[in-house]
Amino acid sequence: MNSRDSVIADEIRHEFIAMLEMTGFVDADYYRSSLNRPELRDPVGHYAEIGWRIGLEPNARFNGDFLRPFYETAGMFRPPAYVWLELSALLGGALPANRREAEQVASDLRLSPTFDAEFYARRLPVGMDPALHYVLVGEPLGWRASALFDAAYYRERYPDIASAGFSPLLHYERNGRREGRRAVSVVDRLEFPPLPQSEKPVVLLISHEVSRTGAPMLGWNLARELTKSARVVSLMMRGGELEKDFTAVAASSVGPLTWEDWHPADASRLAKRIAEEFRPLYAIANSIETQIMVPALASCGVPSVALVHEFAVYTRPITKMRNVYDWANHIVFPADIVAQSSYDAFPGLEKRPGIHIMPQGRSDSPPGPSAHDPTDKKSDELLLRLRPEGEEASFLVLGAGTVHIRKGVDLFVSVATAAKRLRPNVRFRFVWIGAGYAPEHDAGYSAYLAYQIAQSDLGDSLIMLDAVSDLEPAYAAADAFFLSSRLDPQPNVAIDTVMRGIPTVCFQGACGTAEILGADDATRPLIAPHLDVHAAAVILCGLADNREKAKALGAEVARVGHAAYNMTTYVQQIDEWGKTAAAALHDEDLATLTMAAAVDPDMVLPSGLASVAELEAERRTLLQWSIMGLSGDSTVNPQFRRPCAGFNPQSYAEANPDECGPEKAHPLAHWLRAGRPAGPWSRDVFNPVNGIPRPSEGMQRVALHAHFYYEDLAGDLAFRLKRNRTRCDLFLSTDTDAKARHLRAAFGNHHGSVEVAIVPNRGRDVGPLVTEFLPQLLDGRYDLIGHVHAKRSVGTDVAMGEAWRHFLWENLVGGEHAMLDLAAAVFASKPAIGLLMAEDPHLVGWSNNREIAEDLARRMGIATPLGDFFDFPLGTMFWCRPKMLLPLLELGLDWNDYPSEPVPYDGTVLHAIERLLPFVARKTGFDTAGLRVPGTNW
């Protein structure tokens, strides 16, 4: 196919012209001279429509005839200049534009041992130069230069290279190899052993490491139990002594990885390879430390059940927990205390669907040399250390775990000291077993512990032993177990002691074990107040005083433990959740969305992501719906976004409950198959290329209210207004004389009247609009009223606030496109529309504003209760007809009706009014519609 003969669709032609104008790619004088038409008024338009077809070049540097055959081998038949601009944007810098420039780079490539010409040429027509093709097309598109180098991976792994606009392969040759940068992803070195043939489904089990510690031990038990009904693929993200045990129990094992492999660029490729090779039904992410794999698998259509054993208070960086909370279909906490830690760190998380509290069962140790043998000399040695000769009658209190402040070994020592003081006549023996006690090497915790032990004068009544592979002899010898942890979810060692009927003393609010024992009247006396070492010592002294009573209490402990901790039930429930999540991802829905090209990646994918793989946007859409569905507070998951402009999936699902839901059809897919029926779930969305006529001068009388607490942003709005031809009177508000002077100067050249009012710093932007300016704006002078403000977030949300304001102003006022002109044209040509809002990708509901909103609605004569799912102008920026604002004026709000600063994040009259605007539009007889600049996102 010859690109000169191809037909460019209208939308592509408009986009091509915009690209040429924005980049200044067409040299007007050169082009006029080439055409011999010095009088040509629009060289850009002429080149886009005619020039490229007849072989004219846009500037002296560019040679489209040379580039065209290289582009066409990759299936790119658009104008060469269009393709060149696109590929240059992908690479992050200008590509060679002619043969001489291409040869300069290709000559270096031909000498590179990393570029394999024979390997690369397999994709090309016979006779085409592979080095030239790689320079011009292959590297920008991410084609591999050889088995030794992956340019797409290199750019994604090292964004500094991508932003520099330099050839990734040449950078690797000249600097990257020496700097230790990776040329290929982890997938290139891993093996993916095939699965045995079976009808059993495949379950992926992800372990952050395979050491002999809590979560990995649980993971091995999960794998062993799951093999009864599934083929388990084990992904080991780090190695450890249980590596062979995991490999033995799994149907196939991948890894172990290394720390260096824990990167999103590697995770995405690893997830894709696992999905292709094994087609897992679902994944179990065992530990928050597996978080990097959860969104990567989601993008491949693999749902996850996440087992979160960690407390948010010590997880760093805490932001990594978002990968799990935003993308796992089910989140399983082992105890309320663990869940509450995350609820405190992530407000609203408790409202997210798919949250469960469930303690795990008892974990067995992998079979092998470590298994307990009563005749084992090591067992005898351990027993002798626990109870030396003459200590047979002592009261043995056991503690266990890695020596770490979180395990509260210092509290263990303090309780031993207090018990000795409280019962000087009782022979106590406190024994701690665990790795990490090395005061001669560890100047941190161990050194302080050694000093504490020495100063406590405990003598041989407290013993610190190194870790052992088998604790069974210790359990058999113990009279009591003291779980001294400051923070522990459901430690395996405590599950062991509880199920063995060993009286287990622990602190309230410090571990999940306390929740289990504290829930039963018989075992509640074993719980001491939070970190109260005296109270814990008293409990242990009581057990030592009456050993028969202690033995009876141990039987109650075993009863409670066996009821609470059941590994078979635990795994069955996880498997059920995983299967439910998988069942919610319908192949029919994926086919529908793909065939209709209905999902807009700019809506679904947050800004700043690298280019995504095929179907990733559609899969993310389906998976996020299966997670959130009809959740009333979707703000708890910022990844739950609108699938495309003009459609609210929650509103449609609410109206079609029998067909749509988290485990039923995706609303967008169902809506498409139903023929796109109209309803409150859909609305018109207008963009700069959708054919709405531009308004003529004076066609609409327009007023814009803009509130400026941050007056330094005035210049940005002034610039955007100048991008439009529509005349607009400005009504500006701020809170000080100095800011007012700044605004008058900033808008000194504005095409229209400018009025500035100084108002109280109350009511943010809503108060100045409703209380200060509405009487003037509704006096009949205007056909169209706009409202914007200089939004800025403080603290940790600075970047988010800037991105949001840029998005709203770009879509409502203009920048790249004249959006005020478009808004005026829409209102002039669509009399039924009364409210225009920026088409925001986020789905936001009532949050904590419903009660206030319904009170205001009743005052305005709007029927209540108000609907659960709706769209409103996020950020309270919009265009509307004056009549639509009358109900707000009639509320009679004064400055005292607005909250004083600092305004709460949510739950005020300001947030309620923001959400009420579409209901007010409907009350006044108008429809709502959206404005969208293609490609904008935040």
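**A walk through the model**

Let's start with Arg387, which sits in the loop that links α18 (377-386) to β8 (395-400). Keep in mind that this is a predicted model. Is Arg387 buried or exposed? Its relative accessible area is 18%, and the cut-off for buried is under 20%, so Arg387 counts as buried. And what does its side chain do in there? It makes a polar contact with the side chain of Asp479, at 2.8 Å. A polar atom of the Arg387 side chain also lies 3.3 Å from the backbone oxygen of Glu391. Leaving out residues up to four places away in sequence, Arg387 touches a list of residues including Leu396, Arg429, Ala477 and Asp479.

Strands β8 and β9 run parallel, joined by six bridges. To get from β8 to β9 the chain passes through helix α19 (residues 409-422), and that β-α-β crossover is right-handed.

How covered is β9 (residues 428-433)? Six of its six residues are buried. One face has Phe428, Phe430 and Trp432, the other has Arg429, Val431 and Ile433, and all of these are buried. On we go to β10 (residues 462-465), which pairs with β9 in the parallel sense over four bridges. There, Ile433 has Leu465 in β10 as its bridge partner. The path from β9 to β10 runs through helix α20 (residues 445-455), again as a β-α-β crossover that is right-handed.

Now for another sheet. This one is open, with seven strands in the order β3-β2-β1-β4-β5-β6-β7 and parallel pairing. Which strands stand at the edges? They are β3 (252-254) and β7 (355-357); each has a single partner strand, so one side of each has no neighbour in the sheet. On average, neighbouring strands here are turned by 20° against each other, direction ignored. At the β3 end, three bridges join β3 to β2 (residues 231-236), running parallel, and Ser234 stands opposite Ser253 in β3.

Most residues other than glycine have a negative phi, and most peptide bonds are trans. So where does this model depart from that? Gly255 and Pro256 are joined by a cis peptide bond, with omega about 15°, and Pro256 is in the loop between β3 and α14 (264-278). A cis bond also runs from Glu901 to Pro902, omega near -5°, in a loop where Pro902 lies between α38 (886-890) and α39 (909-923).

As for phi, Ser287 has a positive value near 110°. Ser287 lies in the loop between β4 (282-286) and α15 (293-299), and it is buried at 1% relative accessible area. Thr876 also has a positive phi, near 55°; its loop runs between α37 (850-859) and β20 (878-880). At 8% relative accessibility, Thr876 counts as buried.

Last one, helix α11 (residues 168-179). How far apart are its end C-alpha atoms? Only 14 Å for 12 residues, short of the 16 Å a straight helix would reach. Its buried residues include Leu169, Leu170, His171 and Tyr172, and the buried set packs against α5 (80-91), α6 (99-110), α8 (130-141), α9 (151-157) and α10 (159-164).

How values were computed
Residues numbered from 1 in each chain as written. Predicted model: local features only at pLDDT ≥ 70, side-chain atom pairs only at ≥ 80, totals over all residues. Heavy atoms only, no water. Helix = DSSP H or I, 4+ residues; strand = E, 2+ residues; numbered from the N terminus. Buried < 20%, exposed > 50% of the residue type's maximum accessible area, 1.4 Å probe, protein only. Polar contact = N/O pair within 3.5 Å; in protein donor to acceptor, adjacent residues only side chain to side chain. Contact = heavy atoms within 4.5 Å. Expected span 1.5 Å × (residues − 1). Pairing = 2+ DSSP bridges. Axes fitted to C-alpha atoms, helices over the stretch in contact; angles between N-to-C directions. Right-handed = clockwise from strand over helix to strand, strands pointing away.
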